[in-house]
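Have the viewer open as you read.

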Amino acid sequence: MSGPLNENPVKFSSKLTTILVAAGCSVGLGNIWRFPYITGEGGGAAFVIIYLLCIIFIGHPVMISEFALGRATHRSAVGAYKALGGRKWSWLGYNGVLTAFIIMGFYYVVAGWTAEYLVVSVSGELSKYSEVSEYKELFNGFVSHPWKPVLYTWLFIFVNHLVIHMGVAKGLERVSKVLMPMLFVILIVLAVNSLLLPNSWEGLVFFLKPDFSKLSPEVVLMAVGQAFFSLSIGLGALIAYGSYIPKGADLRKTATQVTILDTSVAFISGLIIFPAAASVGIDPGAGPALVFQTLPAIFNMLPWSMLWSSVFFLLLVIAALTSTMSLHEVVTVYLMEEWGLPRRIGTYVTSISVALLSAVASLSLGVGSGFTIFGLTLFDAMDYLTANLMLPIGGLCTCIFVGWWLERKIFEDQITNFGELKRGDLSLMTFLIRYICPITLFAMFLDNLGFLG
Ligand code: TRP
């Protein structure tokens with residue numbers, strides 16, 4: 001493979017490429033599918049405020065930390081922790097590999113749904129329906145079908161595998177430069193359209209007018225989990241990206257730009273989904289189905305609905321592709337470095353094992369829905385475990401590592417480019433990484449376990 005995630009000393013060719021590739025990794029189904037559904041379950045605006053606070057005070061410093069670890073070591077997660085912390089920190093890298101693997105297990109399933117929706121958009125089937133009940137039936141019929149969703153999931157994995165295997169990742173990178181802005185424009189058009197719908201006001205109030213009585217320890221944990229998931233932090237995926245960031249690039253600025261891009265895409269998705277859901281009468285707490293049941297209703301109100309939905313789902317598939325590539329890479333590089341497999345074989349092993357896991361996750365929503373873990377289907381359990389527990393725990397340990405273990409100078413040299421850039425808010429950032437992030441994350445866990453009353 002000759003993609004952006006190749007072995008060093010490959011570097012991103014420019015600062016713009018760096019931002020776009022990192023944004024391609026961050027912006028994905030997490031923004032357009034997961035953010036609205038989690039916000040809906042979390043009760044709306046109050047959740048969004050906690051989410052934004054988590055992004056600014058926890059997510060952003062953790063992203064900078066991951067970038068710095070990568071650029072300081074020129075390695076990916078396991079290698080970086082080993083190089084800087086010795087063998088006793090390597091488990092943090094392994095935890096990241098496991099997390100990436102489980103995330104892929106359900107992420108590919110949702111990516112499969114987007115592929116399915118792309119197909120029914122292009123075939124014209126989607127624009128045949130007009131009632132909300134029909135959209136609901138369509139979605140429920142899809143996900144519970146005995147083999148169709150598995151087939152689409154595998155189709156997506158297959159395409160993903162080909163992109164990686166044929167080394168067209170560089171091409172995808174180039175294509176992303178055009179597609180990402182296109183996605184952005186389409187999202188804005190859809191948001192305006194949603195806001196003009198009758199009764200959209202109600203959805204807007206849900207999304208933007210906080211009702212703090214809806215907050216609970218669980219909702220706060222969901223917010224931090226979503227922040228980690230959306231920014232692609234907590235498992236070391238961005239450590240690998242950091243190792244490709246050129247020497248002269250400003251890590252703080254890069255992280256800020258990626259964070260702003262990622263957060264605006266999520267926010268605009270909220271502006272699309274909640275007004276539309278209110279308008280057509282879909283419950284914002286509908287769970288993972290929310291976006292898939294709401295979007296067709298919006299498309300159907302536009303002229304040339306088939307064209308809109310086809311282009312939209314195509315872009316969504318591509319956004320999912322650029323995100324899954326980063327997850328796939330984490331596992332593949334681990335197999336290469338730790339098991340000594342050649343890249344080609346590592347890529348196969350990753351794709352095949354993830355294909356099996358995601359098939360099981362997909363079936364857990366249909367034929368296997370009788371089997372639950374703590375009342376959750378396997379699909380939901382994988383989502384919950386990774387986003388709400390494994391990523392924040394990974395982030396907590398990253399902060400402890402960077403803030404307390406790592407020699408201060410190594411971090412500061414990366415942030416200031418060996419003294420070239422001003423220190424600026426460096427002390428504030430160190431303070432966040434040493435105290436605020438770990439203490440807040442720890443408190444959130446305790447709170448959820450019921451220790452803080
Ligand atoms: N952030 C991506 C999204 O929002 C998902 C993702 C890609 C991810 N790479 C990751 C999440 C690494 C956590 C860690 O869709």
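Start with a backbone N or O atom of Ser 26, which lies 3.0 Å from an oxygen atom of the ligand. Keep in mind that what you're looking at is a predicted model. Leu 29 comes in with its backbone too: one of its polar backbone atoms is 3.2 Å from an oxygen atom of the ligand. For a nitrogen atom of the ligand, look to Ser 230, where a polar backbone atom sits 3.1 Å away. How much of the ligand's surface does the protein bury? Taken alone, the ligand exposes 360 Å², and the protein buries 100% of that. The space the ligand takes up is also the largest cavity.

Now for the shell itself. The ligand is surrounded by 17 residues, and the closest are Gly 30, Tyr 107, Phe 229, Ser 232 and Ser 326.

Searching the whole structure gives 30 aromatic pairs. Take Phe 299 and Phe 312: their ring centres are 5.4 Å apart and their planes meet at 55 degrees, so this pair counts as tilted. Phe 299 belongs to helix H13 (residues 290–300) and Phe 312 to helix H14, so to speak two distant parts of the chain, 13 residues apart, linked by the pair.

How values were computed. Residues are numbered from 1 along each chain as its sequence is written. This is a predicted model: local features need pLDDT of at least 70, side-chain atom pairs count only at pLDDT 80 or more; totals for chains, interfaces and linings use all residues. Side-chain values use heavy atoms; hydrogens and water are left out. A residue is near a molecule or strand if one of its heavy atoms lies within 4 Å of it. A polar contact is a pair of N or O atoms within 3.5 Å; within protein, one must be able to donate a hydrogen and the other to accept it, and residues adjacent in sequence count only if both atoms are side-chain atoms. Accessible areas come from the Shrake-Rupley method with a 1.4 Å probe; for residues, only the protein chains shown count as cover. On a 1 Å grid over the protein atoms alone, a cavity is a set of points where a 1.4 Å probe fits but cannot get out, and a pocket is an open set with protein on both sides within 12 Å along at least five of seven lines; lining residues have an atom within 4 Å of a point. A molecule sits in a cavity or pocket if more than half of its atoms lie within 2 Å of its grid points. Rings of Phe, Tyr and Trp (its six-membered ring) pair if their centres lie within 6.5 Å; planes under 30 degrees apart count as stacked, over 60 as edge-to-face and the rest as tilted. Helices (H or I, at least four residues) and strands (E, at least two) are DSSP runs, numbered from the N terminus.
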